[in-house]
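Trainee: Could we go through this one together? I'd like to start with the core and then move on to the helix packing.

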Amino acid sequence: MQRMEEPYSGRPLSLGRIDPRRETPSLIAVWVTRFVRCLCLFLLFGVLQELPLAVVLFVIKTGCAVAFLVIQKPFSTGKAITRNMFFHIARYSVLCFLSSVLWGLGLASCGALRTSLLWDHSEVAVLAVLSSAMSLGSHNKSKGAAVFVLGVISLFLFDNDQSPPFTEHPEGPHSNALVHSVYQFLSFLGVPDHKGGVVLLLMGGAIGVVQRVVGRRSAVEIGGSKRLQALSSVMVSLLLLPWALIQLSSQTSSNIEGPGGETATGVAAAVFSHLPALLLTSGVFVLDYYVESMALQRMDVHRVARAGSLASFLSALALASAAHFLSHAPPTSHALTAGVVIASVLLLGATVALTTPFSGGHGKLVGYSTSGLPLYASQYVTPSLLRWAQTSLRRILEKTDSRRIFYFLILNLAFTFVELAYGVWTNSLGLISDGFHMLFDCTALLVGLHASLMTRWAPTRLFSYGYGRVEVLSGFVNGLFLVVIAVFVLTEAVDRLLDPPHINTDRLLFVSVAGFIVNLIGIATFSHTHTHSHGHGHAHSHGHSHAQSHGHSHHNTNMRGVYLHVLADTLGSVGVIISSILVEQMGWFVADSICSLFIASLILLSVLPLLRESAAILLLSTPPHLALQDTLKKLPLLDGVLDYSHPHFWQLGSETISGTICVQVAPSANEQRVIAMVTGLLKEKGVVDLTVQVEKPHYLPQATAPQVYVDFGPHTGEVKTDT
C-alpha cells in the first residue's frame, strides 16, 4: 500500500558518525519486512482473481485502521480534532483512497512483480526524478532520472505478456461501473491488461507524490504523522465501505457470478475463506510502516530509501523467478519476460543513483584560476530537459550543415512513422520492414548531426585540439555502415539471382515512389558537400588577406557520409521502382536481384573514396593536396634561414591543417622575424595551425638543457631554454 515517509519533526539532524550497531538491525528489519510484504503482494494477486477489488481493499484498510487505533489511540491522545484538522484529515484521506484504488487496479492488471517495480519507489527517488525534470538535481540524479524513464519505457515496449488474448475481461464480468469503465477504456485503446496496469500504477504514483506533500504539511496540524496515518486509515475504510456494500448487494440482486465464477453466496464464503490472508496482509503493511519509521530515526533517509526499494525489487524478482522456473506449472499470465527483466535492471540502477546523497568533496571541475589552481563547483546542477532542448535547437540552427541535417532528419522521421503506421494498419510486412530500414537511416543522420555539433565544442584540458576530428570519425563510421549494407545486399542478391523468389509487390511501388521523392529532397540538400570546393579567405592581424584559389578543396567527411547514405537510399528506391515495374508488367523476378547487384556495386564504389580519405586523416597522413615540397624548398631562401628539419603536417579536422617544423637560422637572425616569415609562407598553402622551432648553430653544440617552445597563437612563438 502507499506509504508516507516520516516528516521532519523539528529535531536537529545528527551530523556525526552513525553507530553501525544501531544501523545493522534496522537494515535487517527493513529487508525482512519488505520480503514478507512482497509475499503478501503475490498472495493478494491471487485473491483479486476471486474477490471484488472494493471488498479486498475494505478488509485490508479496516485491518490497518484497527491496528493503528489500538497502537496510536489517536482519539484519546493529542489535541481535540477541530474543523480545520478534520479538513486536513479528509483531504489526505481522499488522496489515500484514490492511490489505493489505482494500486489495487494495477495489481490486478499487471501482477505483483510489475506492481512492486513501479510502486515501491521511495519519496527520495520520486522527488529526485521530479527535481531533475525541473533542473534542480545533480548530475548523478539526472542520470538516474533518465534510467528510470528508460525502465518505464521498457515495460511498455519489451514486456509482452505470454497469455492468450481474452474475448472478455480476464477477471470476468464487472458489476461495478468504475472497474468496468477502466477496462473498457483500456480495451478501446488496444492496450493489454498488464500494460494498462502500468499506466494505472503511474497515475497512482503521481497522486502518491501529492499525497506525501499534503501529508507532510497536515502532520504538523494534526500532531504527528502517526496520528494522521491512524485517522486517515479510519476515514479511508469509511470511504471504501459503501463501495464494497454496493458491489455485494448488486451481485446479490442480479445474481451475477463473481470473478472466480461463484454466486453472491459463494463470494461471501470466499471472503471468509480469504479473511486470514487479508488480515495478515494488513498486519504486514502496519509492521512495514513502523519498521520504516524506526529506521528513519536511526539511519540516513537516503540509506533507508535505497534499502527499502532494493529489498522490494529483489524480493519480487526472486519470487517471480521461483514461480517461473521452479513451479511445475509456470504462470500463464503476467509471467517473467525479457522486457520485465530489462526494466528491473534499469529501475534497480535508477534507484541506486537517485538515492545516493551528494557526497560533497571537490565537486565538479569547472576551470582553473589565474594561478593554475583547479576550481570546483560545490553542487553541479544540470539543465532541465526543456532548457537542454532549447539550447541544442539553437546550436543546430546556427550553422548551415547542422541545420540541413536536422531538417532532413525531421522529414525522414515523419515519413518513417507514417510508413510504419500505414504498414501496421494494412498488415503489410514490406512497409514495416522498409520503415525500420528508414529508422536505421535516421540513426545515421542523428550520428552526423551530433558530430556536427561536437565540432563546435570548446577545447578542454584533456582535448586541447578541440573536437574537430569527430566529423572525420563520423564520416568513417558512416562509410563502414554503407560497406556493411552493400556487402549484405551483394551476397543476398547473388543468392536470389541463382534462385529468384516470388515477390509480392502490393503497395511496394507507391512506397518506393514516396521514398524516392523524400530522398530527392535529401540529395538536393546535401549535394553541395559532394561537389563544392571550399576556398579559404583569412584576414590576419599583420595586415594582409588572401583567398585560396590554388585548386585544392577540403571536404567535410561527415557531410559526405550523410550525403552517401541519402544517395544509397535514393538508388535503392530507383532499383525498387524499376524492379517493381518489371515484376508487375513482365513477371521478371530476376530483375530485383539484378537491380540490387547494380545498386550495391555503385554504393560500394562511391563509399571507398570516403573511407580512404577519412582513414588517411585519422592516421595523420600529410594531405596530398598541399604540395608542400616546393614551399619547403623556399625556406632556405628566406632571410636568416639556413635549413629546416622535422617537417610534420597533418589534417586535424575536415578543413584545419596543422604542422610543426624546425628551422636552423644564422646567429644574427631575429627569431621572431623568422617565425613570422615561415608562418606566413606556410599559411599561404593552408597550414593554419603551425608551430615553428628556431635553432641557432652556436647553441646546438652546447645544448645541455631541453629546448621548450611556447606557442601563444597561430602567428607568435617564443623559444625558451631551461637553465
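**Core and helix packing**

Mentor: Bearing in mind that this is a predicted model, I would begin with the largest nonpolar core, which has 72 residues, and in which Leu44, Val56, Trp103, Leu107, Leu113 and Leu278 touch the most other members.

Trainee: Which helix gives the most to this core?

Mentor: That is helix α3, spanning residues 83–119, which contributes 16 residues to this core.

Trainee: And what is Val56 in contact with, leaving aside its neighbours within four places in sequence?

Mentor: With those neighbours set aside, Val56 contacts Leu44, Val47, Leu48, Leu51 and Leu278. Of these, Leu44 and Leu278 are also listed, like Val56 itself, among the core residues that touch the most other members. There is also another core lying apart from this one, made up of 27 residues, including Leu453, Ala486, Phe526 and Val607.

Trainee: OK, on to packing. At what angle do α3 and α11 pack?

Mentor: The angle between α3 and helix α11, which covers residues 338–354, is about 25 degrees, and their axes are 11 Å apart. Angles under 35 degrees count as roughly parallel, so α3 and α11 are roughly parallel to each other, and their crossing is left-handed.

Trainee: Which residues in α3 and α11 meet there?

Mentor: From α3 there are Leu113, Arg114 and Leu117, and they meet Val340, Ser344 and Leu347 of α11. By class, the residues of this contact between α3 and α11 divide into four nonpolar, one polar and one charged. Leu113 belongs to this contact and is also named among the core residues that touch the most other members.

Trainee: What about α10 against α11, parallel or antiparallel?

Mentor: Helix α10, residues 301–325, packs with α11 at an angle of about 170 degrees, the axes being 10 Å apart, and that makes α10 roughly antiparallel to α11. Here, too, the crossing is left-handed. On the α10 side, Arg306, Ser309, Leu310, Phe313, Leu314 and Leu317 take part, meeting Ser344, Leu347, Leu348, Thr351 and Val352 in α11. The contact of α10 with α11 has seven nonpolar, three polar and one charged residues.

Trainee: How do the axes of α18 and α19 cross, and within what distance do they come?

Mentor: The axes of helix α18 (residues 557–586) and helix α19 (residues 590–618) come within 8 Å, crossing at roughly 175 degrees, and α18 and α19 are therefore roughly antiparallel to each other. Their contact is made of 14 nonpolar, seven polar and three charged residues.

Trainee: Changing topic to the backbone: what is phi of Lys73, and where is the residue placed?

Mentor: Phi of Lys73 is near 50 degrees, which is a positive value in a residue other than glycine. Lys73 sits in the loop between α2 (53–72) and α3, and because its relative accessibility is 45%, Lys73 counts as partly exposed. Leu620 also has a positive phi without being glycine, with a value near 60 degrees; Leu620 is in the loop between α19 and α20 (629–633), and is partly exposed at a relative accessible area of 47%.

Terms used:
Residues numbered from 1 in each chain as written. Predicted model: local features only at pLDDT ≥ 70, side-chain atom pairs only at ≥ 80, totals over all residues. Heavy atoms only, no water. Core = buried A, V, L, I, M, F, W, Y, C linked by side-chain atoms within 4.5 Å. Buried < 20%, exposed > 50% of the residue type's maximum accessible area, 1.4 Å probe, protein only. Helix = DSSP H or I, 4+ residues; strand = E, 2+ residues; numbered from the N terminus. Contact = heavy atoms within 4.5 Å. Axes fitted to C-alpha atoms, helices over the stretch in contact; angles between N-to-C directions. Parallel < 35°, antiparallel > 145°, perpendicular 65-115°, else oblique. Left-handed = near helix turned anticlockwise from the far one by under 90°. Nonpolar A, V, L, I, M, F, W, Y, C, P; charged D, E, K, R; others polar.
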